[in-house]
Each structure stands twice: as structure tokens, then as C-alpha cells.
Amino acid sequence: MTGMEEKKITIYSYAKVWKVEKKIYNIGNIVFPVPVDLWSAVYFAASAFAVYILQKIFPVIMAVPVLVRLGMLPYGIMYVMRRTKVDGKNPVKYFAGYSMYLLCDRYSYLERFNRYTGNKERLILDWNCSAAYCRPSGKGFLRRKGNV
């Protein structure tokens with residue numbers, strides 16, 4: 001290389017700073033032997049509460065030992081919820097998005113960056129479009145449900 005040196009450019013990215021896992025080390029005066037992930041604690045508490053409510057509704061669950069009922073079962077639910085992905089997302093976020101779709105966005109669509117609310121009438125595409133079948137007016141391409 002005659003007079004020209006290669007310059008190495010280093011680009012720093014701080015995107016990983018926001019992805020630091022939050023850990024719980026103690027609650028009040030109780031110090032945990034190992035740090036607990038925040039979302040694991042939330043899932044465990046929510047599933048323990050759900051099991052507690054279910055045992056009040058169905059008293060037959062009281063026959064299961066307390067260690068299994070309020071310890072191992074919520075831990076198993078927490079473990080499954082932390083490890084599984086539904087459509088590449090956290091199961092809670094997936095079902096929250098799906099319920100928002102069912103409640104709000106079900107009969108709306110985007111067209112050229114504008115949101116329109118459509119009617120509940122379905123349109124059916126007709127792919128049977130040979131030269132002999134298609135009408136010149138184009139009415140054979142798209143038909144409403146019920147009309148043949």
C-alpha cells in the first residue's frame with residue numbers, strides 16, 4: 001500500500017443496554033439465595049393466584065398436597081410460559097394482541113395508509129377466469145357471497 005492505509009471504523013451500538021434482564025435480589029428484609037427474574041416472579045405469582053382461585057371454586061383440588069398445589073404446579077406453569085413462544089412472541093403478548101384483534105380490528109383494513117372499517121359481508125375471489133368465462137366488464141372476477 002503506497003501511502004494509503006486502511007482505516008478501521010468501529011461503530012458502537014447501545015441497543016443491548018435496553019435488553020438487560022431485571023432481577024429481584026430481595027423483597028423487604030428477605031434476601032433470596034439466587035436472583036429471580038422479574039417476569040418469572042410475575043408468572044409464578046399469577047399462576048399461584050389462579051390455582052388458589054380454582055381451589056376455591058372446585059374444592060376437590062384441596063385433596064392435592066399443598067406443596068404440589070401451590071408450589072410445583074405454579075412453577076411448572078411459569079416454566080412453560082417462559083420457555084414457549086407462540087408465533088415468535090411471548091404467550092401473554094400473543095393472546096393480548098389476538099384479543100385486541102377480535103375486539104377492535106376484526107372488520108377493518110388498511111388501504112394506502114388509511115384505516116377503513118369494512119362491512120361484515122365477505123367477498124369471494126373467482127379464480128376461474130379463462131378467456132371464455134371472463135366478462136369484458138370485469139364483473140366475473142369478484143362476486144359477493146350468495147350471488148352466483
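Modeller: Buried means under 20% relative accessible area, exposed over 50%, and partly exposed in between, with a 1.4 Å probe and protein chains only. This is a predicted model, in which local features need pLDDT of at least 70 and side-chain atom pairs count only at pLDDT 80 or more, while totals for chains, interfaces and linings use all residues. Residues are numbered from 1 along each chain as its sequence is written, and side-chain values use heavy atoms, with hydrogens and water left out.

Colleague: Why is Lys-23 called partly exposed?

Modeller: Lys-23 has a relative accessible area of 38%, and because partly exposed covers what lies between buried and exposed, Lys-23 counts as partly exposed.

Colleague: What makes Lys-23 and Glu-21 a salt bridge?

Modeller: A salt bridge is a side-chain nitrogen of Lys or Arg within 4 Å of a carboxyl oxygen of Asp or Glu, and the closest N and O atoms of Lys-23 and Glu-21 are 3.8 Å apart. The count by this rule comes to two salt bridges.

Colleague: How do you know that Arg-82 forms a salt bridge with Asp-37?

Modeller: The closest N and O atoms of Arg-82 and Asp-37 are 2.5 Å apart, and the rule asks for a nitrogen and a carboxyl oxygen within 4 Å. This pair links distant parts of the chain, since Arg-82 lies in helix 2 and Asp-37 in strand 2, 45 residues apart; helices (H or I, at least four residues) and strands (E, at least two) are DSSP runs, numbered from the N terminus.

Colleague: Why is Asp-37 called buried, and what is Arg-82 called?

Modeller: Asp-37 has a relative accessible area of 11%, and because buried means under 20%, Asp-37 is buried. Arg-82, with 27%, is partly exposed.

Colleague: What does Tyr-43 touch, not counting residues up to four places away in sequence?

Modeller: Contact means heavy atoms within 4.5 Å, and Tyr-43, found in helix 1, touches Met-78, Met-81, Arg-82, Asn-90 and Val-92. Tyr-43 has a relative accessible area of 9% and is therefore buried.

Colleague: What makes the pair of Tyr-94 and Phe-95 edge-to-face?

Modeller: Rings of Phe, Tyr and Trp (its six-membered ring) pair if their centres lie within 6.5 Å, and planes under 30 degrees apart count as stacked, over 60 as edge-to-face and the rest as tilted. A search of the whole structure finds four aromatic pairs. The rings of Tyr-94 and Phe-95 have their centres 5.3 Å apart and their planes at 75 degrees, so the pair is edge-to-face.
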